[in-house]
Amino acid sequence: MGLGGEWFSSVGGNTDSEWAFAVFLDALDGMGYDPNSASLNQKGFGHSVLRKAILATIKRINTLIAEIPDKERKERYEGLDCRSLLNFAVTDGHSVVCTRYVSSMTDEAASLYWSSGTSWQEDSSMKGRYRMERRDKGADIVLVASEPLTFERGLTSILEAEADESLPDDWVIVPTNSTLIIHKQAVMIHPIIDEYYNPNPSYLRTTGFAVSKGLDTTEEKERGE
């Protein structure tokens, strides 16, 4: 399961994100899409291709970790915790695909939110503070962030937002183990269905793992912790 030579040699450091991106580029290449294509700037790969490649990247990382023998994991890596928090964001210049993911059935992933509106403006009542303006139901701007950048209208879950469009939704929570796709200002959220998927939308995961890594989870904010 080695990387192609071009993508292996493109890594200039030792950070997880660099190697994960190399795996992503290798996945695109393996699907028959050249990441160096000159036509990329004109039309991109399309959000479906980007999503398939990022899902292949997650699957490959999970497979590589699962292949570490238990004995080696205990002796060489001193019982290394092999759960992974994989919040990624990739774009081809036309579409954006983000993931909120943890390789666990019981843990909550690090937080991820999105917000949309017609303009992102500085609040006239407080210098340096911005807010999302909504002059109509259209979305000229879509923001994605690990933490909400504004707090004046609270947080909304994706289920609440879909059930009642009148609810305040400055920042909508991306569910754990999901992809968020932005294409032509439209936002689409799909579950990542693998061995860590739980189809029950009300299933509560624990927050300890992400918090132990210095990351926030959406459930902490919903519970007021």
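These notebook entries record what I looked up in the structure.

**Ground rules.** I am working from a predicted model, in which local features need pLDDT of at least 70 and side-chain atom pairs count only at pLDDT 80 or more, while totals for chains, interfaces and linings use all residues. Residues are numbered from 1 along each chain as its sequence is written, and side-chain values use heavy atoms, with hydrogens and water left out.

**Entry 1: Val 49.** I began with Val 49, which I found in helix H4, residues 47-66 (helices are DSSP runs of H or I of at least four residues, numbered from the N terminus). Is Val 49 buried or exposed? Its relative accessible area is 9%, so Val 49 is buried (buried means under 20% relative accessible area, exposed over 50%, and partly exposed in between, with a 1.4 Å probe and protein chains only). Leaving aside residues up to four places away in sequence, I listed Leu 28, Met 31 and Tyr 33 as touching Val 49 (contact means heavy atoms within 4.5 Å). For Met 31, which is 18 residues from Val 49 along the chain, I noted a C-alpha separation of 8.6 Å.

**Entry 2: helix H4.** I checked the length of H4 and found that its 20 residues should span 28 Å, which agrees with end C-alpha atoms 28 Å apart (the expected span is 1.5 Å times one less than the number of residues). The buried residues of H4 include Leu 50, Ala 53, Ile 54 and Thr 57.

**Entry 3: the core.** Next I looked up the largest nonpolar core, which has 23 residues, with Phe 24 and Phe 88 having the most contacts inside it (such a core is a set of buried Ala, Val, Leu, Ile, Met, Phe, Trp, Tyr and Cys residues joined through side-chain atoms within 4.5 Å). Helix H2 (16-30) and H4 are the elements that give two or more residues to this core, and the largest share, 7 residues, comes from H4. Among the residues that Phe 24 touches are Leu 50, Ala 53 and Val 90.

**Entry 4: Phe 21 and Phe 24.** I then found that Phe 21 and Phe 24 form a stacked aromatic pair, 6.0 Å centre to centre with 20° between the planes (rings of Phe, Tyr and Trp, the last by its six-membered ring, pair if their centres lie within 6.5 Å; planes under 30 degrees apart count as stacked, over 60 as edge-to-face and the rest as tilted). Because they are 3 residues apart in helix H2, about one helical turn separates Phe 21 and Phe 24. Phe 24 counts as buried at 4% relative accessibility, whereas Phe 21 is partly exposed at 43%.
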